[in-house]
Amino acid sequence: MSANNETEKVIGVPVPREGTPEFEKMNRMAKRAIPLILIIFIFGILEQQAFGMIFVNIGEQLGTPNLAPLITSIPGIVLGIVCVIYGSLGDFVSLKKMTMLGVVLLIIGSAIGFILGPINIWAVVIARVLQSAGGQVAGSVFLVLVSKYIAKENRVIYYGIFVAVFRFSAALGVVAAGYVTKIDWRWLFAVPLISFLFIPSLAKNLPDDHAEGATIDWAGFALIGAFAGAVTMFFTDMNIFWAAACVITLIAFIVYINKAKSPFITPEFFKNPAFIATMTVIFVGYFFSYTLNAGVNAIGLNIYGIDSAEVSTLLVWSILLAAVLGFVCGPVIKRIGRSAGIIMALSFMGLGLIAIAFAIPMGKVWALAVAPCIYYFGTSFFYSPIVDTATLTVSPEESGRVLGVNDLVQAITGSVGVAVFGGMMSSGAMSGGSIVGVDSGAASTYANVFLVGGVIILAALVIFLVTKKTIYSRSRAE
């Protein structure tokens with residue numbers, strides 16, 4: 001690649017080189033758009049967390065408690081699918097048009113939920129699907145904007161802010177859901193309608209470039225979406241049908257990208273050792289991500305005999321800690337480097353899960369409030385450097401696809417982990433005793449599950465240390 005060219009010669013939206021007038025112009029526009037994009041992202045996460053907490057209440061109020069889980073599960077499947085699609089589209093299509101579509105879907109979904117939600121549970125499900133599909137655009141566009149139009153040395157700061165905003169939104173959603181149910185839960189749907197006010201500013205400041213001559217690979221997106229949906233459904237409702245669907249869609253996708261003329265993701269991605277190694281670290285490192293809150297809740301209910309409200313009150317402090325640390329992790333990573341940040345993060349995440357196991361016999365405050373802080377401290381410093389590292393394994397024009405795959409891997413590994421560990425906890429596996437000193441029974445099961453989870457995350461650390469030279473082979477920055 002010639003140093004004289006302002007853009008890399010790779011299929012995708014041309015990305016100006018840092019230091020050029022065009023890059024500086026796009027950098028200023030991105031910085032004006034990012035705050036509004038983050039607010040829309042907050043709305044999406046708030047809705048996800050809030051309805052994930054109160055779907056049982058909604059099902060009972062509408063007289064369909066058996067259908068209530070669909071309020072969370074179906075939008076969750078949609079979210080996993082659109083993550084990879086949006087990130088990949090960011091390499092080819094206009095970010096402005098993507099964002100406008102997302103805002104429209106978010107507003108339509110919110111309006112349907114607010115008006116028709118109290119009448120029919122399927123209106124709630126449809127509204128949440130549209131909200132999930134629309135709200136996720138903001139998250140994907142934010143990551144693509146940062147990876148393409150923010151100076152390389154400052155990206156980790158923005159990724160850290162992204163993590164902080166996610167954590168604050170999650171905590172806000174949990175708290176808001178509890179209070180709104182005392183009034184009328186449909187008012188939750190009204191909050192994202194504010195997004196309508198942001199349309200003029202976003203239309204002015206978001207890039208409207210698209211890849212010349214590039215076509216959107218709908219067939220490829222359909223196949224990867226079908227695979228993601230099949231995997232999610234398999235670990236939601238394990239049966240032979242979904243197992244077969246996983247295998248068939250994966251084979252179909254592999255055959256397709258090897259035969260298609262212009263697939264959105266080429267076989268070369270999977271021949272890139274740095275990319276594969278980084279995705280492996282992400283898969284193993286996030287394996288317990290969906291399980292921690294559910295596991296802590298189970299400990300509170302079945303070991304200490306307290307309700308979920310009290311568990312949430314204890315656990316929310318660790319989530320808020322992660323949110324606060326998100327704002328400082330960027331400068332810290334910028335100072336110590338990506339590699340050191342990943343090592344520190346995985347160490348604390350693994351040791352945090354082990355600490356929860358050893359805290360169980362010490363009392364509820366230690367197990368439910370203090371020990372989880374160690375894990376969440378680690379997560380605050382993991383996302384930023386690992387995502388930045390992933391984008392450095394490819395050219396700037398391909399970074400959107402990497403971000404999409406990253407989101408998909410996180411969604412899949414979290415679903416797999418919660419299915420595996422959730423099944424172990426509900427079945428009472430490893431209940432004969434534990435090295436942490438608890439009696440046999442439920443306490444032993446929970447302690448051992450968290451110990452196993454901690455060992456798995458520390459295994460991700462080992463994988464990273466072994467493959468670090470390969471991962472950073474395309475970049476001197478560690």
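Arg186 is partly exposed, with a relative accessible area of 26%. Keep in mind that this is a predicted model. Arg186 forms a salt bridge with Asp184, and the closest N and O atoms in that pair are 3.6 Å apart. Asp184 is partly exposed as well, at 25% relative accessible area.

How many salt bridges does the structure hold? There are 3. Another of them joins Arg338 to Asp388, with the closest N and O atoms 2.6 Å apart. This pair links distant parts of the chain: Arg338 sits in helix α13, residues 338-359, while Asp388 sits in helix α15, 50 residues apart. Are these two residues buried or exposed? Arg338 is buried, and so is Asp388.

Then there is Glu18 with Arg155, where the closest N and O atoms are 3.9 Å apart. Glu18 lies in the segment before α1 and Arg155 lies in helix α5, residues 155-180, so the pair ties together parts that are 137 residues apart in sequence. Glu18 is partly exposed, at 38% relative accessible area. Arg155 is buried, at 8%.

Back to helix α15, which covers residues 383-391 and also holds Thr389. Why do we call Thr389 buried? Its relative accessibility is 1%, and the cut-off for buried is under 20%. Leaving aside neighbours within four places in sequence, Thr389 is in contact with Thr278, Arg338, Ile342, Ile471 and Tyr472. Arg338 in that list is the residue that forms the salt bridge with Asp388.

Now the surface. Phe168, Val324, Phe327 and Val328 make a nonpolar surface patch of about 330 Å². Which helix gives the most to the patch? Helix α12, residues 308-336, does, with 3 residues. Val328 is in helix α12, and at 38% relative accessibility Val328 counts as partly exposed.

Next, the cysteines. The structure holds 0 disulfides. Take Cys329: the closest cysteine sulfur is in Cys373, 16 Å from the sulfur of Cys329, which is too far for a bond. Cys329 is buried, with a relative accessible area of 0%. Cys246 also counts as buried, at 12%.

Last, confidence. The protein averages a pLDDT of 85, and 91% of the residues score at least 70. Where is pLDDT under 50? It stays under 50 over residues 1-11, for which the model has 26 contacts beyond four places in sequence. Where pLDDT is low, the predicted coordinates should not be read in detail.

Technical notes. Residues numbered from 1 in each chain as written. Predicted model: local features only at pLDDT ≥ 70, side-chain atom pairs only at ≥ 80, totals over all residues. Heavy atoms only, no water. Patch = residues over 30% accessible without salt bridge, like charges linked within 9 Å, V, L, I, M, F, W, Y side chains within 5 Å. Areas by Shrake-Rupley, 256 points an atom, 1.4 Å probe, with all protein chains shown as cover. Salt bridge = Lys/Arg side-chain N within 4 Å of Asp/Glu carboxyl O. Helix = DSSP H or I, 4+ residues; strand = E, 2+ residues; numbered from the N terminus. Buried < 20%, exposed > 50% of the residue type's maximum accessible area, 1.4 Å probe, protein only. Contact = heavy atoms within 4.5 Å. Disulfide = S-S within 2.5 Å. pLDDT = per-residue confidence, 0-100.
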